[in-house]
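Me: I would like to go through this model with you, piece by piece. Could you take my questions as they come?

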Amino acid sequence: MHDVIVVGAGPAGLMAARQLAQRGHDVVVLEEHPGIGVPTHCTGLLGLEAFSELDLPRHTILDTTNAARFVAPDGSSVTIDADRVNAAIVDRAIFDQALADASRAAGADLRSNARVRTIAVSDAGVTVMADGENGTMTARACILACGANYRFNRQLGLGVPRAFVQSAQLEQAFAGPDQVEVHLGRSVAPRGFAWVVPFRRDGQRYQRLGLMADARAGSLFRTFASTLQARFGLADGEWPEPRLKILPLGPVARTYGPRLLAAGDAAGLVKPTTGGGIYYSLISGQFAAETLDDALKADDLRESRLRQYETRWRDRLGAEIRIGLAFRLLAARLNDRSIDALVELARIDGIIPMLRQTADFNWHRQSALALLRHSQFRRILLSSLWS
C-alpha cells in the first residue's frame, strides 16, 4: 500500500507530491495524458515573487512584465504599471515538466496515460482504479488534483463550485502588441474580458490570446481573434481553434474528507477576478502536503484531522477569494458606458498611483478594496448597477 496517490500532474499535484516525497512518504502521481504539461491549460502568468517563495524553476520563465494596457469599448485605453505587479510569463509545458522532474528527484513515482476510473474510500484505505498497466492501487490517502474535473467530487462528498466561467486560449507567433493588453466590454467578452500577452521564444515574437466569459467563449474568441488579425494585417481565419476550458468561480463545498484532500482547480481554488489558478494551485498543494505529512505520521487520516487543510488554505486565501468574488460580481454588471467612464477616470484621476501602491499580481484584495473606497469609482459602479 502506498502512502498517497495523487490524481493529476498539474502544479497542485506535483507540488504536493514533491513535498510529501521529500518528507519520506511513498507517493504515486497518476496523470491521464501521455505527457506532463501537454496540452497546456492556461496563459502561464505567475507573480515573480512566487519563484523564491515556493522554490520554482526559473529556467521556465520566457519573459516578465509589470504593465498592462486596458482597452475600453470605445477604443480609449490606459496603461497601468507597477513594480509590485511584476509577473513571469512561463513556458507552461516546461514549467510542469520541471515540477515533475523535481517530484521524481524527491522520490515520487509519476505515471502517465493513467486516467483514473474509480476512487473508493474505506476505513482501510483508498482504492484507485486507473487505465493502463496500473490497474487497481491502494493508498493510505488520496489528493484530488485533476483540475476543473468534478466527476469524483459528488461521489466523495466534496461538492462542486457554485458557478463557472468559460475560457478560450491560443498561442500564436506574430508581431502583435509589445505589452499585455486587456480588452473590456460586453461585445468583446460579456461579464469577462479578453487579453493578449506578448513574449519571445528563441528570439521569435509570440502572443498568447485569451478570453473569459459566462458563455459562448469559443465564438467570442473567434471574433476577438479576427479583430486582432485585421489590426495587425494578418490573414483572417488561418489560426487554429482555441483550447476551451471551464474555470471554477469559488471553492467547492468541502475540500477534505476521510483520507482525502482536493487541491487547486479540483478544489475550486482560483483567483475570482481573473480565473488565474497557478499560484493558488501551488499554495494549496503545499498545504495538502503539510497536512498529510502530519496525519500520516500520526496514523490519523480521519476527516476531523484533515479539516486542518481547509483551515490552512482559508487562513491564507479565504479573504482574497471572498473579496475577489464580491468584486467580480460587481464588475461583471458594468455596462460599456460605465467601462468607458472608468478608463477615462483612470486617465485623469489618481487611480493609477493608488493602484501602484496596492497592486500585487498574486494578491488582489487590497486593490479591490482601494477601488471600492474611491468615491468616483463607486459612483460609476452604482450608476451601472441601477441602469
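Me: How many bridges join β3 to β7?
Reply: In this predicted model, 3 bridges join β3 to β7, the strand of residues 87-90. The two strands run antiparallel.

Me: And which residue is the bridge partner of L46 in β7?
Reply: L46 is partnered with A88 of β7.

Me: What is the order of the strands in that sheet?
Reply: The order is β3-β7-β4, an open sheet of 3 strands with antiparallel pairing. β3 (45-47) and β4 (61-65) each have a single partner strand, so they stand at the edges and one side of each has no neighbour in the sheet. From one strand to the next, the twist averages 30°.

Me: Changing topic to helix α9: which residues are buried there?
Reply: In α9, which covers residues 365-373, the buried residues are S367, A368, A370 and L371. They line one face of the helix, because their directions fall within an arc of 165° when α9 is seen down its axis.

Me: What do the buried residues of α9 pack against?
Reply: They pack against three helices: α6 (303-331), α8 (351-358) and α10 (375-385).

Me: Now the second largest pocket. How much space lies in it?
Reply: About 260 Å³. Its lining consists of 16 residues, and T40, C42, Q169, L170 and E171 lie nearest the centre.

Me: Which element gives the largest share of that lining?
Reply: β12 does, with 4 residues. The elements that contribute two or more residues are α3 (92-106), β12 (163-172), β15 (204-213) and β16 (243-249).

Methods. Residues are numbered from 1 along each chain as its sequence is written. This is a predicted model: local features need pLDDT of at least 70, side-chain atom pairs count only at pLDDT 80 or more; totals for chains, interfaces and linings use all residues. Side-chain values use heavy atoms; hydrogens and water are left out. Two strands pair if DSSP finds at least two bridges between them. Axes are lines fitted to C-alpha atoms, for helices over the stretch in contact, and angles run from 0 to 180 degrees between N-to-C directions. Buried means under 20% relative accessible area, exposed over 50%, partly exposed in between (1.4 Å probe, protein chains only). The arc is that of the directions from the helix axis to the C-beta atoms. Contact means heavy atoms within 4.5 Å. On a 1 Å grid over the protein atoms alone, a cavity is a set of points where a 1.4 Å probe fits but cannot get out, and a pocket is an open set with protein on both sides within 12 Å along at least five of seven lines; lining residues have an atom within 4 Å of a point. Grid points are joined across faces, edges and corners, and a volume is the space filled by probe spheres set on the points.
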